Amino acid sequence: MRAIVLIAPRERGAGPAAGAAEAGPKPEALLRACGYAVLRAATAQQAETVLPEADAAVLHMPLPEVGGWRGALAGGRPVPLLWWCSAEAMGRSAAACEDDVRLDGLLTPGMSAGEVHWALQLAGKACMERRQWEEERKRLMARLEERKWIDMAKGILAETRGLSEAEAYELLRSQAMEERRRMVDVATSIVKVYQLLQDNTKKGARRP
């Protein structure tokens, strides 16, 4: 990792107590001292512009703001997300310590160059594992959705044609093979046509 995006929506350090809270190194100074190029972003549009050039992103903000930024960055190039855990950030984040804030790591003002290096390396590994888990979750959800449509279609075929579930499944499979379509697509068509016919029947029954 050589380039880091520092995302700071607003200047930190405002207020009478901020000077003491941010007495340690600022994230940009620490990262530059450790040999990393730092790209700054204060808005989602700026972050989207510079993310393709970066290997990781450091979020310099209280934890309650992190969730919104995760969503804003979700459509861009996936990079490890780390939180800048300064005394000020911790003070502003106490109420969010039990929240489900998904991050790949954190950096603190007191870290040495070696600690920063390993924090970034481990964050990269955590990011890769998180992405793999998210992809697997998407695949599982897609399979569940497909199974829902197939089960609905089997029920409709069993009801309308007097078939067993096994026979209805075989009919679905045969039709999909004949039409060279996925079984879930055939099942979806059957369910939607059946629902449309049911709706039309109900509308007809309500007419005087």
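Select Arg2 and Tyr36 to begin: Arg2 lies over the face of Tyr36, 5.2 Å from the ring centre. A charge sits over a ring when NZ of Lys or CZ of Arg is within 6 Å of the ring centre and within 35 degrees of the ring normal. This is a predicted model, in which local features need pLDDT of at least 70, side-chain atom pairs count only at pLDDT 80 or more, and totals for chains, interfaces and linings use all residues. Residues are numbered from 1 along each chain as its sequence is written, and side-chain values use heavy atoms, with hydrogens and water left out.

Next, display the whole chain as a cartoon. Along the sequence they follow the pattern β-α-α-β-α-β-α-β-α-β-α-α-α.

Then turn to helix H6, residues 113-161, and select Lys154 within this helix. Is Lys154 buried or exposed? Lys154 is buried, with a relative accessible area of 12%; buried means under 20% relative accessible area, exposed over 50%, and partly exposed in between (1.4 Å probe, protein chains only). Not counting residues up to four places away in sequence, Lys154 touches Arg147, Glu165, Ala168, Tyr169 and Leu172, a contact being heavy atoms within 4.5 Å.

Move on to the cysteines. Cys34 is buried at a relative accessible area of 17%, and Cys85 also counts as buried, at 11%. How many disulfides are found in the whole structure? The search finds zero, a disulfide being a pair of cysteine sulfur atoms within 2.5 Å.

Finally, show the surface of the chain. The accessible surface comes to about 12,500 Å², of which 55% belongs to carbon and sulfur atoms; such areas come from the Shrake-Rupley method with a 1.4 Å probe, and for residues only the protein chains shown count as cover. Of the 208 residues of the chain, 35% count as buried. Among contacts with a separation of 6 or more, 68% involve residues 24 or more positions apart.

Technical notes:
Helices (H or I, at least four residues) and strands (E, at least two) are DSSP runs, numbered from the N terminus.
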